[in-house]
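Please read the following account with the sequence and the model side by side.

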Amino acid sequence: SYVDSNNVKLVSTSKGDPFLFNWTIEGLGNMSGKEVTANIVKKGKYKVLLTVYAQGGSDTVSGYVEIFKNDKPPCSAPMEFMTDCTSRTWKLAKKAGALWVGPPDGSSTWWYIDMAGIATRTCTFNDEWTFNADGTVKFDTKGDVWGEATIGLSPDGCFPESSYSADTKAWGSGIHQFMFTGGGTDPLMLKMVGKGAYIGLQKVANGKEVSTPQMGVDYKVLSQTKTATERFTEVEVNFGAGLWRFTLSSPE
(Lines give C-alpha, C1' and ligand atoms only; values in the text may rest on other atoms or scores of the structure.)
Protein backbone atom coordinates (compact mmCIF):
# COMPACT_ATOMS: atom_id res chain seq x y z
CA SER A 1 0.00 0.00 0.00
CA TYR A 2 1.11 3.59 -0.65
CA VAL A 3 1.96 5.79 2.33
CA ASP A 4 2.40 8.64 -0.15
CA SER A 5 3.72 9.01 -3.70
CA ASN A 6 7.22 7.77 -2.88
CA ASN A 7 6.82 5.68 0.27
CA VAL A 8 5.41 2.17 0.01
CA LYS A 9 4.33 -0.05 2.90
CA LEU A 10 5.03 -3.77 2.39
CA VAL A 11 3.32 -6.29 4.69
CA SER A 12 3.73 -10.06 4.65
CA THR A 13 0.51 -12.07 5.08
CA SER A 14 2.37 -15.40 5.17
CA LYS A 15 0.88 -18.18 7.28
CA GLY A 16 2.60 -20.94 9.24
CA ASP A 17 4.43 -18.95 11.93
CA PRO A 18 7.47 -17.75 9.91
CA PHE A 19 10.39 -16.28 11.81
CA LEU A 20 12.28 -14.32 9.12
CA PHE A 21 11.09 -12.00 6.33
CA ASN A 22 13.52 -10.72 3.67
CA TRP A 23 12.41 -8.14 1.10
CA THR A 24 14.40 -7.24 -2.02
CA ILE A 25 13.44 -4.24 -4.12
CA GLU A 26 15.14 -4.59 -7.48
CA GLY A 27 17.88 -2.02 -7.89
CA LEU A 28 17.47 -0.60 -4.39
CA GLY A 29 18.53 -3.26 -1.92
CA ASN A 30 17.25 -5.38 0.95
CA MET A 31 15.08 -4.90 4.03
CA SER A 32 13.90 -7.30 6.72
CA GLY A 33 10.77 -7.55 8.87
CA LYS A 34 7.17 -8.66 8.56
CA GLU A 35 6.22 -5.04 7.82
CA VAL A 36 8.57 -2.51 6.22
CA THR A 37 8.30 0.89 4.58
CA ALA A 38 10.41 1.60 1.52
CA ASN A 39 11.29 5.10 0.31
CA ILE A 40 11.70 5.09 -3.49
CA VAL A 41 12.75 8.45 -4.87
CA LYS A 42 12.93 7.65 -8.61
CA LYS A 43 9.83 6.98 -10.70
CA GLY A 44 9.62 3.59 -12.38
CA LYS A 45 8.37 0.04 -11.98
CA TYR A 46 10.23 -2.01 -9.37
CA LYS A 47 10.18 -5.77 -8.87
CA VAL A 48 9.74 -6.83 -5.23
CA LEU A 49 10.77 -10.23 -3.88
CA LEU A 50 9.66 -11.51 -0.46
CA THR A 51 11.40 -14.58 0.96
CA VAL A 52 9.88 -16.03 4.12
CA TYR A 53 11.58 -18.59 6.37
CA ALA A 54 9.78 -21.02 8.71
CA GLN A 55 10.61 -24.31 10.42
CA GLY A 56 9.63 -26.23 7.28
CA GLY A 57 11.88 -24.24 4.94
CA SER A 58 11.46 -21.10 2.86
CA ASP A 59 9.41 -19.75 -0.01
CA THR A 60 9.59 -16.69 -2.27
CA VAL A 61 6.88 -14.62 -3.92
CA SER A 62 7.33 -11.68 -6.28
CA GLY A 63 5.34 -8.65 -7.28
CA TYR A 64 5.75 -5.11 -8.59
CA VAL A 65 5.33 -1.60 -7.26
CA GLU A 66 5.18 1.44 -9.51
CA ILE A 67 6.33 4.94 -8.57
CA PHE A 68 4.87 7.71 -10.71
CA LYS A 69 6.98 10.73 -9.73
CA ASN A 70 10.50 11.61 -8.68
CA ASP A 71 10.93 12.80 -5.12
CA LYS A 72 13.82 14.65 -3.57
CA PRO A 73 15.13 12.54 -0.68
CA PRO A 74 15.00 14.16 2.77
CA CYS A 75 18.16 16.03 3.68
CA SER A 76 19.04 15.40 7.29
CA ALA A 77 21.94 13.69 9.04
CA PRO A 78 23.59 11.62 7.57
CA MET A 79 22.54 12.89 4.11
CA GLU A 80 23.36 16.43 5.18
CA PHE A 81 26.81 15.32 6.35
CA MET A 82 27.48 13.56 3.04
CA THR A 83 26.10 16.19 0.64
CA ASP A 84 25.62 19.51 2.47
CA CYS A 85 22.10 19.16 1.02
CA THR A 86 23.61 20.04 -2.36
CA SER A 87 26.79 18.22 -3.36
CA ARG A 88 30.07 17.13 -1.76
CA THR A 89 33.09 15.28 -3.16
CA TRP A 90 34.91 12.57 -1.22
CA LYS A 91 38.14 10.58 -1.66
CA LEU A 92 39.76 7.82 0.32
CA ALA A 93 41.47 9.45 3.29
CA LYS A 94 45.23 9.75 2.98
CA LYS A 95 45.88 8.29 6.39
CA ALA A 96 47.06 4.93 7.64
CA GLY A 97 44.19 2.46 7.94
CA ALA A 98 41.99 4.04 5.26
CA LEU A 99 41.97 0.52 3.78
CA TRP A 100 41.70 -2.13 6.49
CA VAL A 101 40.82 -5.83 6.60
CA GLY A 102 40.33 -8.12 9.58
CA PRO A 103 38.33 -11.06 10.96
CA PRO A 104 34.50 -11.06 11.16
CA ASP A 105 34.52 -9.91 14.79
CA GLY A 106 36.98 -7.07 14.08
CA SER A 107 39.18 -8.22 16.95
CA SER A 108 42.49 -7.98 15.09
CA THR A 109 44.08 -6.61 11.93
CA TRP A 110 45.04 -8.82 9.01
CA TRP A 111 46.31 -5.95 6.87
CA TYR A 112 46.00 -2.20 6.63
CA ILE A 113 47.45 0.37 4.28
CA ASP A 114 50.26 2.52 5.66
CA MET A 115 51.55 5.81 4.33
CA ALA A 116 54.09 4.06 2.09
CA GLY A 117 51.29 1.99 0.61
CA ILE A 118 49.21 5.10 -0.04
CA ALA A 119 52.13 6.57 -1.98
CA THR A 120 52.18 3.53 -4.30
CA ARG A 121 48.40 3.49 -4.85
CA THR A 122 47.96 6.91 -6.40
CA CYS A 123 45.31 5.46 -8.72
CA THR A 124 43.19 4.45 -5.72
CA PHE A 125 43.60 7.59 -3.66
CA ASN A 126 42.76 9.97 -6.51
CA ASP A 127 39.32 8.37 -7.06
CA GLU A 128 36.42 10.75 -6.37
CA TRP A 129 32.85 10.10 -5.26
CA THR A 130 30.59 13.14 -5.58
CA PHE A 131 27.44 12.58 -3.51
CA ASN A 132 24.44 14.71 -4.49
CA ALA A 133 21.33 15.51 -2.46
CA ASP A 134 19.12 14.08 -5.23
CA GLY A 135 20.42 10.60 -4.40
CA THR A 136 22.92 10.30 -7.26
CA VAL A 137 26.64 9.73 -6.86
CA LYS A 138 29.20 10.46 -9.58
CA PHE A 139 32.28 8.24 -9.50
CA ASP A 140 35.45 9.45 -11.24
CA THR A 141 38.53 7.21 -11.50
CA LYS A 142 40.60 10.09 -12.91
CA GLY A 143 41.54 7.74 -15.74
CA ASP A 144 43.38 5.05 -13.79
CA VAL A 145 42.43 2.14 -11.53
CA TRP A 146 44.02 -0.25 -9.07
CA GLY A 147 44.36 -3.70 -10.58
CA GLU A 148 44.99 -7.14 -9.15
CA ALA A 149 44.52 -10.71 -10.36
CA THR A 150 41.18 -11.05 -8.55
CA ILE A 151 39.58 -8.60 -11.00
CA GLY A 152 41.55 -9.69 -14.06
CA LEU A 153 44.42 -7.20 -13.93
CA SER A 154 47.92 -8.24 -12.91
CA PRO A 155 50.47 -7.78 -11.54
CA ASP A 156 49.13 -5.63 -8.71
CA GLY A 157 49.41 -1.99 -9.61
CA CYS A 158 47.89 0.96 -11.43
CA PHE A 159 46.34 0.52 -14.86
CA PRO A 160 44.54 2.86 -17.29
CA GLU A 161 40.78 2.65 -16.81
CA SER A 162 40.61 1.41 -20.42
CA SER A 163 42.26 -1.84 -19.22
CA TYR A 164 38.92 -3.03 -17.85
CA SER A 165 37.36 -5.78 -19.94
CA ALA A 166 33.80 -5.73 -21.27
CA ASP A 167 32.81 -7.75 -18.18
CA THR A 168 34.40 -5.34 -15.68
CA LYS A 169 34.07 -1.89 -17.28
CA ALA A 170 31.03 -1.10 -15.08
CA TRP A 171 33.60 -0.47 -12.31
CA GLY A 172 34.80 2.57 -14.24
CA SER A 173 33.69 6.18 -13.99
CA GLY A 174 29.94 6.62 -14.00
CA ILE A 175 26.82 7.81 -12.22
CA HIS A 176 24.98 5.61 -9.73
CA GLN A 177 22.52 6.08 -6.89
CA PHE A 178 22.92 5.91 -3.13
CA MET A 179 20.68 5.94 -0.10
CA PHE A 180 20.91 5.76 3.69
CA THR A 181 18.77 3.30 5.62
CA GLY A 182 18.50 2.35 9.27
CA GLY A 183 19.79 4.46 12.10
CA GLY A 184 18.49 4.71 15.65
CA THR A 185 18.44 1.19 17.09
CA ASP A 186 19.29 -0.31 13.67
CA PRO A 187 22.70 -0.06 12.00
CA LEU A 188 23.05 2.95 9.71
CA MET A 189 23.65 1.64 6.18
CA LEU A 190 24.98 3.41 3.10
CA LYS A 191 23.65 1.62 0.02
CA MET A 192 25.49 2.12 -3.26
CA VAL A 193 23.02 1.23 -6.01
CA GLY A 194 23.73 0.34 -9.64
CA LYS A 195 25.94 -2.07 -11.55
CA GLY A 196 29.54 -1.47 -10.56
CA ALA A 197 28.80 0.97 -7.74
CA TYR A 198 31.31 0.58 -4.91
CA ILE A 199 33.49 2.35 -2.35
CA GLY A 200 37.14 1.53 -1.70
CA LEU A 201 37.99 -1.66 -3.59
CA GLN A 202 36.14 -3.13 -6.55
CA LYS A 203 36.36 -6.76 -5.40
CA VAL A 204 34.66 -6.26 -2.04
CA ALA A 205 30.95 -7.16 -2.01
CA ASN A 206 28.40 -8.32 0.57
CA GLY A 207 29.22 -11.85 1.68
CA LYS A 208 32.03 -12.43 -0.82
CA GLU A 209 34.90 -11.05 -2.85
CA VAL A 210 34.06 -10.89 -6.55
CA SER A 211 35.70 -10.74 -9.96
CA THR A 212 32.84 -8.96 -11.78
CA PRO A 213 30.72 -5.89 -10.91
CA GLN A 214 27.67 -6.37 -8.69
CA MET A 215 24.36 -4.48 -8.73
CA GLY A 216 25.50 -2.47 -5.72
CA VAL A 217 27.01 -2.91 -2.27
CA ASP A 218 25.60 -2.19 1.20
CA TYR A 219 28.02 -0.58 3.67
CA LYS A 220 27.59 -0.27 7.42
CA VAL A 221 28.43 3.28 8.51
CA LEU A 222 30.78 3.06 11.50
CA SER A 223 31.32 6.79 12.00
CA GLN A 224 30.89 10.26 10.52
CA THR A 225 33.24 12.77 12.13
CA LYS A 226 34.85 16.07 11.28
CA THR A 227 37.63 18.40 12.31
CA ALA A 228 38.08 22.07 11.54
CA THR A 229 39.53 21.18 8.14
CA GLU A 230 38.18 17.75 7.11
CA ARG A 231 35.24 15.33 7.28
CA PHE A 232 35.55 11.55 7.57
CA THR A 233 33.11 8.73 6.86
CA GLU A 234 34.18 5.19 7.79
CA VAL A 235 32.22 2.27 6.35
CA GLU A 236 32.44 -1.50 6.72
CA VAL A 237 31.56 -4.52 4.57
CA ASN A 238 31.27 -8.10 5.78
CA PHE A 239 32.59 -10.16 2.85
CA GLY A 240 32.00 -13.51 4.53
CA ALA A 241 35.55 -14.41 5.52
CA GLY A 242 36.06 -11.11 7.33
CA LEU A 243 35.53 -7.34 7.30
CA TRP A 244 36.82 -4.66 4.98
CA ARG A 245 36.74 -1.05 6.21
CA PHE A 246 37.17 2.07 4.09
CA THR A 247 37.58 5.66 5.27
CA LEU A 248 36.53 8.53 3.00
CA SER A 249 37.50 12.17 3.54
CA SER A 250 36.26 15.51 2.26
CA PRO A 251 37.84 18.91 2.95
CA GLU A 252 35.85 21.52 4.86
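The paragraphs below treat a sheet, the pockets, the cavities and the disulfide in turn.

The model is predicted, and local features need pLDDT of at least 70, side-chain atom pairs count only at pLDDT 80 or more, and totals for chains, interfaces and linings use all residues. Residues are numbered from 1 along each chain as its sequence is written, and side-chain values use heavy atoms, with hydrogens and water left out.

The description begins with the sheet. Three strands form an open sheet in the order β1-β2-β5, with antiparallel pairing. Strands (E, at least two residues) and helices (H or I, at least four residues) are DSSP runs numbered from the N terminus, and two strands pair if DSSP finds at least two bridges between them. The edge strands are β1 (2-4) and β5 (35-39), each of which pairs on one side only. From one strand to the next the twist averages 25°; axes are lines fitted to C-alpha atoms, for helices over the stretch in contact, and angles run from 0 to 180 degrees between N-to-C directions. Strands of a sheet pair through backbone hydrogen bonds, either parallel or antiparallel.

The individual pairings can be followed through one residue. Strand β2 (residues 7-11) pairs with β1 in the antiparallel sense over two bridges, and β2 is joined to β5, also antiparallel, by five bridges. V8 in β2 stands opposite Y2, and the bridge partner of V8 in β5 is A38. In a regular strand the side chains alternate between the two faces of the sheet. In β5, V36 and A38 form the covered face, whereas E35, T37 and N39 form the uncovered one.

A pocket is an open set of points on a 1 Å grid over the protein atoms alone, with protein on both sides within 12 Å along at least five of seven lines; a cavity is a set of points where a 1.4 Å probe fits but cannot get out, and lining residues have an atom within 4 Å of a point. Grid points are joined across faces, edges and corners, and a volume is the space filled by probe spheres set on the points. The largest pocket has a volume of about 940 Å³. Its lining comprises 40 residues, of which M31, M179, T181, G182 and K191 lie nearest the centre. The elements that give two or more residues to this lining are β3 (20-25), β4 (29-32), β5, β6 (44-54), β15 (174-183) and β16 (186-193). The largest share, six residues, comes from β15. By class, the lining divides into 21 nonpolar, 15 polar and four charged residues; Ala, Val, Leu, Ile, Met, Phe, Trp, Tyr, Cys and Pro count as nonpolar, Asp, Glu, Lys and Arg as charged, and the others, Gly among them, as polar.

The second largest pocket has a volume of about 320 Å³. Of the 17 residues that line this pocket, N30, N206, M215, G216 and V217 are the closest to its centre. β3, β4, β16 and β19 each supply at least two residues of the lining, and β19 gives the most, with three.

V217 lies in strand β19 (residues 216-226) and is buried, with a relative accessible area of 4%; buried means under 20% relative accessible area, exposed over 50%, and partly exposed in between (1.4 Å probe, protein chains only). The second largest cavity is lined by V217 together with W171, G196, A197, Y198, Q202, V204 and Q214. About 30 Å³ of space lies in this cavity. The C-alpha atoms of V217 and A197 are separated by 6.9 Å, although the two residues are 20 apart along the chain.

Across the whole structure, a search finds two cavities of 30 Å³ or more. The largest has a volume of about 50 Å³, and its lining includes C123, Y198 and Q202.

C123 also takes part in the one disulfide of the structure, which joins C123 to C158 (S to S 2.1 Å). A disulfide is a pair of cysteine sulfur atoms within 2.5 Å. The torsion about the S-S bond is about -80°, so the disulfide is left-handed. The pair links distant parts of the chain, with C123 in helix α3 and C158 in strand β14 (residues 157-160), 35 residues apart. C123 is buried, with a relative accessible area of 0%, whereas C158 is partly exposed, at 38%.
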